[in-house]
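I set out to record what I looked up in this structure, entry by entry. The sequence and the coordinates are shown first.

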Amino acid sequence: MASGAKSGRRSVTAKACLAAGALWASATNAQGTAAPHLFPEKWIDGTQAQEPVTQVQALDGDTFVIRQSVKTNFEAPFLYLLFGRDKALLLDTGAEGGVIRPTIDRLVTEWLAAHRRADIPLIVAHSHAHGDHIAGDAAFRERPGTTVVGLKPADVAGFFGIGKWPEEVGRFDLGGRTLSIIPTPGHQAAAIMIYDSRLKILLSGDTLYPGRLYVPVNFMADDRASIDRLAAFATRHPIRAALGAHIEMTRTPGRDYEREAPMHPDEHPLELPAASIAELQAGLKAPLDVPGQPQVHDHFIIYPVPPRPE
Ligand SMILES: [Zn+2]
């Protein structure tokens with residue numbers, strides 16, 4: 001998240017939610033309306049006296065989801081490590097206070113041993129440039145065989161060979177595993193989502209996750225355009241689940257945790273169904289031009305915040 005928003009609690013824009021609800025209903029005939037269950041374990045949520053600084057759950061032998069403990073930083077972000085035959089990609093390096101690199105080094109070492117390999121280049125990219133997703137970058141800049149992608153939209157576009165940012169979807173081949181790189185400026189100017197056609201998962205960053213989707217009002221139009229392009233992408237690509245970068249919702253529909261909550265009892269699952277994209281797109285049709293007046297949905301909250309420089 002990292003919104004900087006501390007202003008008032010919600011006032012539900014009932015009209016917008018009704019409109020969203022109508023489109024949501026029409027979307028129920030499309031793909032992916034039920035939230036899929038992808039993870040065998042419960043995520044660490046700060047409710048125990050002790051928990052590890054990171055928790056790793058595998059989606060398959062080449063795909064790892066890492067959570068940073070809420071006890072190290074209230075943001076408790078999720079990071080993603082994907083292996084192909086030729087390269088590995090880490091999406092995000094965590095928030096301040098995290099201890100991420102030892103976990104990634106261990107996962108790479110174990111993967112190399114399982115594949116009888118000596119090394120694999122590591123690319124470190126970011127869902128977007130906010131501090132709670134890049135704080136571990138320095139530890140990776142000094143790591144051998146590692147490339148850390150820059151933080152500006154031009155850096156991201158240049159690295160992934162996206163000629164026409166943000167309209168064009170980039171392709172990035174890890175070796176037998178091609179990722180789609182989808183520019184989604186709005187929450188932040190350099191935001192991307194990554195679609196993995198092998199597992200049919202969408203790594204959706206802070207643009208779509210079970211929590212407060214902060215959008216500076218001066219970038220609301222950018223966010224709408226991004227979600228329109230994403231919705232078009234989703235009609236052409238099967239999506240089992242959107243996996244974002246935080247959880248800020250409880251399992252009670254429409255109810256989030258307080259900001260900077262030190263623990264997340266009864267936490268919403270990380271997985272959102274593909275139909276969330278259409279619901280978000282519909283919700284964004286509302287004006288949403290007043291900072292601090294959020295639009296509450298069952299599984300996420302669209303949260304306009306004051307203008308920002310980027
Ligand atoms: Zn964040």
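Which residue in β13 does A242 stand opposite? I found that A242 stands opposite L272 in β13. I note at the outset that the model is predicted.

**Entry 1**
I looked up the pairing of strand β12 (residues 241-244) with β13 and found it antiparallel, over two bridges. I then listed the contacts of A242, leaving aside its neighbours within four places in sequence: L202, S204, L208, L272, A274, S276 and I277.

**Entry 2**
I traced an open sheet of six strands, in the order β7-β8-β9-β10-β12-β13, with mixed pairing. β7 (170-173) and β13 (271-272) are at the edges; each has a single partner strand, so one side of each has no neighbour in the sheet.

**Entry 2. Helix α7.**
I asked how many of the nine residues of α7 are buried. The count is nine of the nine, so the helix is largely enclosed by the rest of the structure. The buried residues of α7 include E279 and Q281, as well as A275, A278 and L280.

**Entry 3. The nonpolar core.**
I looked up the largest nonpolar core, which has 73 residues; L81, L90 and A242 touch the most other members. Strand β3 (residues 78-83) gives the largest share of this core, six residues. In soluble globular proteins, nonpolar side chains tend to be buried together.

L89 has I123 of β5 as its bridge partner. Helix α2 (residues 101-114), together with β4 and β5, makes a right-handed β-α-β unit. β5 also runs parallel to strand β6 (residues 146-148), joined by three bridges; here V124 has V148 of β6 as its bridge partner.

**Entry 4. Q68.**
I located Q68 in strand β2 (residues 63-68). Is Q68 buried or exposed? Q68 counts as buried because 29 C-beta neighbours lie inside 10 Å, the cut-off being 20 or more. Not counting residues up to four places away in sequence, Q68 touches T54, N73, A76, P77, G94, A95, G98 and I100. I also noted that Q55, 13 residues from Q68 in sequence, is 6.8 Å away in space, C-alpha to C-alpha.

How values were computed: Residues are numbered from 1 along each chain as its sequence is written. This is a predicted model: local features need pLDDT of at least 70, side-chain atom pairs count only at pLDDT 80 or more; totals for chains, interfaces and linings use all residues. A nonpolar core is a set of buried Ala, Val, Leu, Ile, Met, Phe, Trp, Tyr and Cys residues joined through C-beta atoms within 7 Å. A residue is buried if 20 or more other C-beta atoms lie within 10 Å of its own, exposed if 12 or fewer, and partly exposed in between; C-beta atoms are placed from the backbone. Helices (H or I, at least four residues) and strands (E, at least two) are DSSP runs, numbered from the N terminus. Two residues are in contact if their C-beta atoms, placed from the backbone, lie within 7 Å. Two strands pair if DSSP finds at least two bridges between them. A crossover is right-handed if, with the strands pointing away from the viewer, the path from the first strand over the helix to the second runs clockwise.
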